[in-house]
Amino acid sequence: MDLGSVNVNPTFVSVTDLHSAVPQLNNGGVTVAGISVDLSNVNRSNPPDIGSYEFTLPITSINTLAATAIDKSTTTLNGDINTNNEVVAISLEYGLTNAYGSTVAGVPLTVRSTTTTPVSAAISSLIPDTEYHYRIKGTSATSTEIVNGVDMTFRTLPDNKTLNLTFFLEGLYIGGGMMNPAMDGNTGLPKWGATIADKITIELHDAANYLNLIYTANDVPLNTDGTLSLTISGIYNGNYYITVKHRNSLETVTANAILFNTSVISYNLSDAVAKAFGDNLKSMGGGVFAVYAGEVSSLSGLYPSTPLQ
């Protein structure tokens, strides 16, 4: 066949009306210089329909699909479209309401297809922890049709939170609110540097059921002055028991569940024995308390089995 030809039954309207409604012929031709209208003096589209007459077909389907890769300020909007071989420019609209207000070009920018074609668009500069509305939009370049997908929503992730803890390890405590750094047995030098006492595991447990582990951070540096700072995702905004684990210390849990409803959460395990569940801290004198040294990772019963009231 010649370039631009297709082998298909045109299914004309009648023996005297040679308009077709076959998608394969719709905008399937090749533009020829000097031929700008069809036999009815209708302007040829670009690309033109195959046959003596121009015709248009309704866009078969357009669908807004779930947003993906949602983060604090970025996401990817998705949709799909079957254009019935019309040439359709794709965009995605989004905003804080279903009036939208912002538009981004789709990828691909233009679709001409007889099957469902996926489209997407990455967007940025969004507000954290905010609900957005969005939809896919198709604007035909070969007809007057404009179609929209349904309105959908997504919510950006919240900003990160900072968890500040203060506690001492009995085995490293030297008094005066300071600890020695853990030493490297091979080199005789501080294992993690002169200002790092050791590395700790921090866990968050469900306030309603302590056995439900919500979050774990391993190898968190504990400073020799007893301070520790940890950045966690803003998705953790409930009530949690904080558990401290160390390779040579007893597992220690906060006395009560802590509400993570602010950007900075601080808790001091060193200034009162009652700060730990079951008063599981050792007095080091001078009003300072430390996590017990030991050769086991935890003690049976030294964690909440039911939420504290």
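Asp-184 is buried (under 20% relative accessible area, with exposed meaning over 50% and partly exposed the range in between, for a 1.4 Å probe and protein chains only), its own relative accessible area being 17%. The structure is a predicted model, in which local features need pLDDT of at least 70 and side-chain atom pairs count only at pLDDT 80 or more, whereas totals for chains, interfaces and linings use all residues. Residues are numbered from 1 along each chain as its sequence is written, and side-chain values use heavy atoms, with hydrogens and water left out.

Asp-184 takes part in a salt bridge (a side-chain nitrogen of Lys or Arg within 4 Å of a carboxyl oxygen of Asp or Glu), its partner being Lys-191, with the closest N and O atoms 3.8 Å apart. Lys-191, at 41% relative accessibility, counts as partly exposed. Salt bridges that share partners also join Glu-93, Arg-135 and Lys-137 into one network.

Across the whole structure, the search finds 10 salt bridges. Among them is the pair of Arg-135 and Glu-93, whose closest N and O atoms are 2.6 Å apart. Glu-93 is buried, with a relative accessible area of 11%, while Arg-135 is partly exposed at 22%.

A further salt bridge links Asp-129 with Arg-155, the closest N and O atoms being 3.2 Å apart. Because Asp-129 lies in the loop between β5 (117–123) and β6, and Arg-155 in strand β8 (residues 152–155), the pair ties together parts that are 26 residues apart in sequence. Asp-129 is partly exposed, at 39% relative accessibility, and Arg-155 is also partly exposed, with a relative accessible area of 46%.

Turning to the strands, an open sheet of three strands has the order β15-β9-β19, with mixed pairing, where two strands pair if DSSP finds at least two bridges between them. From one strand to the next, the twist averages 15 degrees, with axes fitted as lines to C-alpha atoms and angles running from 0 to 180 degrees between N-to-C directions. Strand β9 (residues 161–166) runs antiparallel to β15, and six bridges join the two. Within this pairing, Leu-165 stands opposite Leu-228 in β15.

Technical notes. Helices (H or I, at least four residues) and strands (E, at least two) are DSSP runs, numbered from the N terminus.
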